[in-house]
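Welcome, and please take a moment to look over the sequence and the model. The briefing below is a friendly first tour.

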Amino acid sequence: MSAPTPLLELRHLTTHYVSARGSRVVAAVEDVSLRLHAGETLGVVGESGSGKTTLALTILRLLPPAARIVRGEILFEGEDLMRKPDREMRRIRGKRIAMILQDPMASLNPLFTIGDQVAEPIRVHEGASRGSAWTRARDLLKAVKISAPETRVREYPHQMSGGMRQRIVGAIAISCEPRLLIADEPTTSLDVTIQAQYLRLLRDLQREHGLALIFITHNLGIVAKMCDHVAVMYAGRIVELGPTRRIFDAAAHPYTQALLESIPRLGDGQRRLAAIDGQPPDLAALPGGCPFHPRCTQVMDRCRADDPPAFDVADDHAARCWLAARDAR
Amino acid sequence: MALLEAEDLVKHFPVQSGLFSRDRGRVSAVDGVSFAIERSQTLGLVGESGCGKSTTAKLVLKLEEPTAGVIRWEGRNLAELDGAGLREYRRSVQAVFQDPYASLNPRMRVGAIIAEPLVTNERLEASEVARRTGRLLDLVGLPARARDLFPHEFSGGQRQRIAIARALALEPRLVVLDEPVSALDVSIRAQILNLLRDLQAQLGLAYLFIAHDLAAVAHMSHTVAVMYLGKIVEIGDARAVAARPKHPYTQALFSAALPSHPDEQREEIILAGEVPSPLHPPAGCRFHPRCPHAMARCALDEPRLGPVNGRLTACHLYDAVTPEAAERG
């Protein structure tokens, strides 16, 4: 069994974007609850606009001004981050919770050397001297498999390849030995073989440091390869949550089932893909009832009227679907 | 006779720098590439950034002129076509690009976008243009009222349908698909891949399909060609290449592909380093500095494509085992 207190626990977290006049409300994250223990990897999968990035920004409280955390709790190491003053949040970000963003070029400052940027969090969070922070920076670059770190620290981001930049961003993220690392589509801009190198690196770092990892991705292959648990998001909600193997073998939500069916697999020959009809919904104008019902092949009358809550379908496995209510225990 | 045949295609780009544009050498983006595209069939082109697949597509589209080599369309050399012949070729070969947000003019109505190739290429009555536009919309699964709307009123998947309708307006024989689904949401990709397959069956189209998603390429293609640093390293039946790759690079590439199930354990071949600069490609086999099976002769002799297990592979590992390769010496 896992540790009694989870590293991170979200309770009914809800984040909305509100337009300037308050006339348009986009429900980007709606009633999200989950738990993550130290050393575990959680995959958050969803399509664009499903709320997965807003969820990450909510955990870090890095939301843009138009966003409001409407309700919910973010318990990290037992403390509610919602109650922390901004000054304390700044000490947590980068030190205990770190984040890797999608575009490595945009997350590095082109005007500073690699050494300055890797050393910065160490100096800010730990008050280390420039010299000792730079020594640590060289070790970190070595840890993320950058060759010749002694010369690389004095170089600039434009002198690195895409894969190296992403590894440098990884080095910055782990520089203060965080407990939780949130990676938002960290490999989408990378080539297949470089992606494999990077995923292996993240897994090694995780094992060495006992990191908990949240992987935000649209790619179920990354989930299959990297994650212990999966949260499937649709229209701001977690529609299914459970152990990865169980989700792949016995998905309970029709959206998860359809998503798994719609992906071409190596070696499946020329089988026709099972496409999901329709489009992902507009979060400002959700259909009534279950937001997936207009695209669902198993829709019932009840789905058009009521938005289903999460039902437990097995140990550790829940689905937000009226069909699951039947099998719920 | 193949619909389109490329023989020893070469494309060099000059590299210039400095105030007086001194010549700094050249990049061989495509270096001696040969392939054939059969009627009603799909040739998939895979490889990582900088391998020359997009340049190959541009050569086929005649957006770039080859430095050397020949492209034959139904047996006729493109370089020898007169004006009328070239116009006919350009009508017969159309393209669909990755980003349907960038490839459609936001100021034009969908009807005008689709009709534009018809209006500029054929003298048609307005009623005939309207009839054909209606038929094209129907063909790609869009409602007739779409013609009066603007691109921004459509989702990514629907925009890609509009781009496909426009590409089909002149009844082409070959369509170049450059990453046609990578900008789309996961649940929409299967819709578009199925549509492309249906159109191929219905209209007898040939495709040159370029994508970095190996499973999607294997799913869509009859033949697949793997490129590395401007060369084809392996080409053959898509399912055979995907299931039992022979070239060490193809093996590494497919081993790095993400699994479709958590239990799918592939022996991962992690390649050392990154793709070298095409400005200074390695001598001998271009893959040898990263190849786990490199031998002394790989650094000296460049391997030629030769038959191995029913496909062509350019690798010295198979020199001894294939009598054909030995014969050619």
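This is a predicted model: local features need pLDDT of at least 70, side-chain atom pairs count only at pLDDT 80 or more; totals for chains, interfaces and linings use all residues.

Residues are numbered from 1 along each chain as its sequence is written, chains are lettered from A and ligands numbered from 1 in the order in which they are written, and side-chain values use heavy atoms, with hydrogens and water left out.

**Terms for the helices and strands**

- Helices (H or I, at least four residues) and strands (E, at least two) are DSSP runs, numbered from the N terminus.
- A residue is called buried under 20% relative accessible area, exposed over 50%, and partly exposed in between, using a 1.4 Å probe and protein chains only.
- Contact means heavy atoms within 4.5 Å.

**Helix α5 of chain A**

- Helix α5(A) covers residues 130–143, and at 1.5 Å a residue its 14 residues should span 20 Å, which agrees with the 20 Å between its end C-alpha atoms. The expected span is 1.5 Å times one less than the number of residues.
- Which residues of α5(A) are buried? They are A133(A), W134(A), A137(A), L140(A) and L141(A).
- Those buried residues line one face of the helix, because they fall within an arc of 115° when seen down the axis of α5(A). The arc is taken from the directions from the helix axis to the C-beta atoms.
- The packing partners of these buried residues are α4, α6 (149–152) and α7 of chain A.
- After α5(A) comes K145(A), with a positive phi near 65°.

**Buried residues in other helices**

- V118(A) sits in helix α4 of chain A and is buried, at 0% relative accessibility.
- V118(A) touches A137(A), L140(A), L141(A), I168(A), A171(A), I172(A) and S175(A), leaving aside residues up to four places away in sequence.
- V118(A) and R138(A) are 20 residues apart along the chain, and 8.6 Å separates their C-alpha atoms.
- Y198(A) belongs to helix α8 (residues 192–209) of chain A, where Y198(A) is buried with a relative accessible area of 2%.
- With residues up to four places away in sequence not counted, Y198(A) touches I100(A), Q166(A), R167(A), G170(A), P186(A), T187(A) and L190(A).
- In chain B, T55(B) is part of helix α1 (residues 53–60). T55(B) is buried, with a relative accessible area of 13%.
- The contacts of T55(B), not counting residues up to four places away in sequence, are K11(B), F13(B), A29(B) and V30(B).

- H12(A) is not a glycine, yet has a positive phi of about 50°. H12(A) lies in strand β1 (residues 8–18) of chain A and is partly exposed, with a relative accessible area of 46%.
- D316(A), also a residue other than glycine, has a positive phi near 70°.
- The loop between β11 (311–314) and β12 (317–319) of chain A holds D316(A), which counts as exposed at 53% relative accessibility.

**The second largest pocket**

- Rolling a probe the size of a water molecule over the atoms shows where empty space is left.
- On a 1 Å grid over the protein atoms alone, a cavity is a set of points where a 1.4 Å probe fits but cannot get out, and a pocket is an open set with protein on both sides within 12 Å along at least five of seven lines; lining residues have an atom within 4 Å of a point.
- Grid points are joined across faces, edges and corners, and a volume is the space filled by probe spheres set on the points.
- The second largest pocket has a volume of about 780 Å³. Of its 27 lining residues, G94(A), M99(A), E120(A), P121(A) and I172(A) are the closest to its centre.
- Which element gives the most to this lining? It is α4(A), with eight residues.
- By class, the lining of this pocket has 16 nonpolar, six polar and five charged residues. Ala, Val, Leu, Ile, Met, Phe, Trp, Tyr, Cys and Pro count as nonpolar, Asp, Glu, Lys and Arg as charged, and the others, Gly among them, as polar.

**Cavities**

- How many cavities of 30 Å³ or more does the structure hold? There are 10.
- The largest cavity has a volume of about 80 Å³. The closest to its centre, of 14 lining residues, are P254(A), C290(A), C296(A), C303(A) and C321(A).
- The second largest cavity has about 70 Å³ of space, and its lining includes H247(B), C285(B) and H316(B).
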